[in-house]
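User: I have a chain open here and would like to talk it through with you. Could you take my questions as they come?

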Amino acid sequence: MNRLAVALAPLLLAASAFSAQAQDPHAGHVMPAPTRPAAEPAAPTQTPARPTAQDPHAGHVMPPAQTPPVTDPHAGHQMPAQPATLDPHAGHDISTMAPVAQPDPHAGHDMSTMAPAQTDPHAGHDMSAMSMGPPDVPTSADNPGRPPEDPLPAAALVGPSHAADLVFGSEAMAAARQTLVRENGDVRTTAVIIDRLEAGFGDDDESYLWDVQGWSGGDINRFWWKSEGEGDFQGGLEEAELQALYSRAIMPFWDVQAGVRQDFRPDGEDTTHLVLGLQGLAPYWWEIDAAAFLSTEGDLTARVEAEYDQRITQRLILQPRLEIDASASDIPELEIGSGLSSIEAGLRLRYEFRKEFAPYVGVEWSRALGNTADYIEARGGEADDTRLVVGLKAWF
């Protein structure tokens, strides 16, 4: 074995030097131990320690030999025979050995069914018939973008209007439907609203006034009544009126009202009127009550009232109020002139101890206009008046 190693050593060294030119020219070389005199036989020694990376020639013993050519720096080196243990592959046939490779973590795995990392969600879909128009979303029935709907089958239009009539009978179901309407939409309610019940304190007199109304009925049709009057604590009642009206809802928050109005006066000048009015809630929460009156004498008058509740707190409310009266002609016996006859503007501050009970204080200014002011001044009155008011607003 030693002889074979000595014979093959030059060949192995030449092959190693040729394959390692691009790497470390000394890679794979076995550097001999310090030489001994030729008389002494070579003794087996241990493998010399690998030099450090700092000095690649540290520990080399260079024998006195002729300097090799530049192309082969190790030519002429005397390579002593080394024990078999120095080269673990000495004498081995490694021509058929494959280079050692890193193990494959997926070796033995069946990856034929695995999808690629980035998959196409539309892969395999036939998209040739797809439209590039707007998305098909539910809209109103007459929208051309809505998918067409099949007509109703003929069987759907045959038979009674209510299928339950076939089971329970038409008479029993008609009574049940009337009960359902009455309990879920035709609710009868009654209310009384005391809008103003107050006393006024002016420069020369003290007056009282009431403005009350109420209704009874459902959401669509109601019987509505209204009453207003005023007088002097010293002189008694000056005038009063009572209205009986039929009210019908024509849209949310608005009712049309029609009926009769009866006026009462101490001098016996009672008058009856036909009434046509509109009452409801205008934008910004203004409560509007407008009506036209046609008397049995042929006199046409009109009145518009507007109120607004401005909440300062949950209980403290400031209410501005405006009332305008107009007449189509002069009515001397009632001291009413044509055109705008009078205007009233007031501001009331109330406190709701409960929603149904709210006392208030305020101030009100009134002014007679046109011929109406002339009639009042002719009898010694004043066309302009300002007074402090104290009153109560309630409902039940």
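User: How many helices and strands does the chain have?
Analyst: The chain has four helices and 13 strands, taken as DSSP runs (H or I of at least four residues for helices, E of at least two for strands) and numbered from the N terminus. This is a predicted model, in which local features need pLDDT of at least 70 and side-chain atom pairs count only at pLDDT 80 or more, while totals for chains, interfaces and linings use all residues. Residues are numbered from 1 along each chain as its sequence is written, and side-chain values use heavy atoms, with hydrogens and water left out.

User: What does the pLDDT average over the chain?
Analyst: The average is 79, and 64% of the residues score at least 70, pLDDT being the predictor's confidence in each residue, from 0 to 100.

User: Which residues make up the largest nonpolar core?
Analyst: That core has seven residues, among them Trp215, Trp224 and Phe293; a core here is a set of buried Ala, Val, Leu, Ile, Met, Phe, Trp, Tyr and Cys residues joined through side-chain atoms within 4.5 Å.

User: And is Leu349 buried or partly exposed?
Analyst: Leucine 349 counts as partly exposed because its relative accessibility is 32%, where buried means under 20%, exposed over 50% and partly exposed in between (1.4 Å probe, protein chains only). Leucine 349 lies in strand β11, which covers residues 339–351.

User: What share of the chain is buried, then?
Analyst: Of its 396 residues, 23% count as buried.
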